[in-house]
Amino acid sequence: MSSRYDGAVTIFSPDGHLLQVEYAQEAVRRGSTVVGLCTKNCIVLGVEKKAVDPLQVERATHKIKKLDDHMIITFAGLTADARVLINRAQIEAQMHCLNRERPASVEYITRYIAKLKQQNSHTNGLRPYGVSCIIGGFDVDGKPHLFQTEPSGIYYEWQANSTGRLGQAVRTYIEKNRSAMINAPNEVEAVKQMVRTLHLSTSLGPSFFEVVVLKHNEPMTKVAPEMIAYMVQLIKQEVAEEEAKQKQQQRTAAT
């Protein structure tokens with residue numbers, strides 16, 4: 001039945017779905033896990049890195065990009081599609097600053113990316129972008145924002161969110177630990193919460209994580225791999241202590 005309605009992006013199925021858009025969303029679900037966190041004083045983006053071939057230049061595999069001095073982006077899905085969207089968003093940010101003599105707001109660039117995606121969902125001869133983007137940054141007044149766009153062209157603002165192959169598991173973890181994450185008092189604690197989320201949700205080692213921090217009026221900073229590895233060790237110790245404490249409480253309750 002679906003083959004009758006997925007030949008063109010402009011054809012609705014009988015139950016009101018655009019199947020090509022849903023296929024694009026499936027490409028996102030098969031992509032690397034990405035996480036975004038917005039605290040009172042910083043934006044933290046974390047991604048699951050895939051193994052890099054020994055002959056490959058590592059800088060070419062980075063999935064967290066700068067849109068402007070005050071805005072960063074990461075994505076899950078097709079990297080080629082993301083490259084096109086990021087390039088166009090970077091140009092739009094520069095044109096906005098040139099024409100209006102002030103930086104573009106985070107929501108303005110998010111809306112621009114969402115518009116590009118939505119155009120491809122109702123135009124013959126095109127296909128939807130198979131990528132979901134998480135955009136974080138600061139407006140002129142210093143207020144942080146975190147947005148996510150979907151292949152259909154919709155976008156929402158979040159305090160923290162995740163997408164990609166383990167997006168649902170990470171989101172469940174975030175919901176359980178929401179207060180500790182969004183109320184992180186400083187940059188170090190926010191980074192630690194991000195590393196903890198990635199490590200406990202994906203069960204991967206620190207070499208598979210990339211974390212970037214953006215603060216108001218400061219350049220984007222990549223967290224050193226050594227610092228991520230150190231934090232993972234601390235987190236393992238904390239988890240072991242918590243488990244030992246719970247077991248002791250259970251023994252005490254049993255007696």
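Mentor: A residue counts as buried when its relative accessible area is under 20%, as exposed when that area is over 50%, and as partly exposed in between, using a 1.4 Å probe and protein chains only. The model here is predicted, so local features need pLDDT of at least 70 and side-chain atom pairs count only at pLDDT 80 or more, whereas totals for chains, interfaces and linings use all residues. Residues are numbered from 1 along each chain as its sequence is written, and side-chain values rest on heavy atoms, with hydrogens and water left out.

Trainee: Why is glycine 167 called buried?

Mentor: Glycine 167, which is found in helix H4, has a relative accessible area of 2%, and because the cut-off is under 20%, the residue is buried. Leaving aside neighbours within four places in sequence, glycine 167 is in contact (heavy atoms within 4.5 Å) with Thr33 and Ser162.

Trainee: What makes H4 a helix, and where does H4 pack?

Mentor: Helices are DSSP runs of H or I with at least four residues, and strands are runs of E with at least two, both numbered from the N terminus. An open sheet is formed by five strands in the order S8-S1-S2-S9-S10, with antiparallel pairing. Strands S8 (160–163) and S10 (221–222) are its edges, as each of them pairs on one side only. Helix H4, residues 167–176, packs on this sheet and touches S1 and S8, its direction making about 160° with that of S8.

Trainee: Why is the pair of glutamate 48 and arginine 165 called a salt bridge?

Mentor: The term requires a side-chain nitrogen of Lys or Arg within 4 Å of a carboxyl oxygen of Asp or Glu. The closest N and O atoms of glutamate 48 and arginine 165 are 2.8 Å apart, so the pair qualifies. Glutamate 48 lies in strand S2 (residues 42–48) and arginine 165 in the loop between S8 and H4, so the pair ties together parts that are 117 residues apart in sequence. Glutamate 48 is buried at 7% relative accessible area, whereas arginine 165, at 42%, is partly exposed.

Trainee: What makes glutamate 187 and lysine 215 count as well?

Mentor: Their closest N and O atoms are 3.8 Å apart, which is within 4 Å, so this pair is also a salt bridge. The structure holds nine salt bridges, and a network of them links Lys192, Arg196, Glu238 and Glu242.

Trainee: Why is serine 203 called exposed, and how does threonine 202 count?

Mentor: Serine 203 has a relative accessible area of 65%, and because that is over 50%, serine 203 is exposed. Threonine 202, found in helix H6, counts as buried at 10%. Serine 203 sits in the loop between helix H6 (187–202) and strand S9 (209–215) and has a positive phi of about 60° although it is not a glycine.

Notes
Pairing = 2+ DSSP bridges. Axes fitted to C-alpha atoms, helices over the stretch in contact; angles between N-to-C directions.
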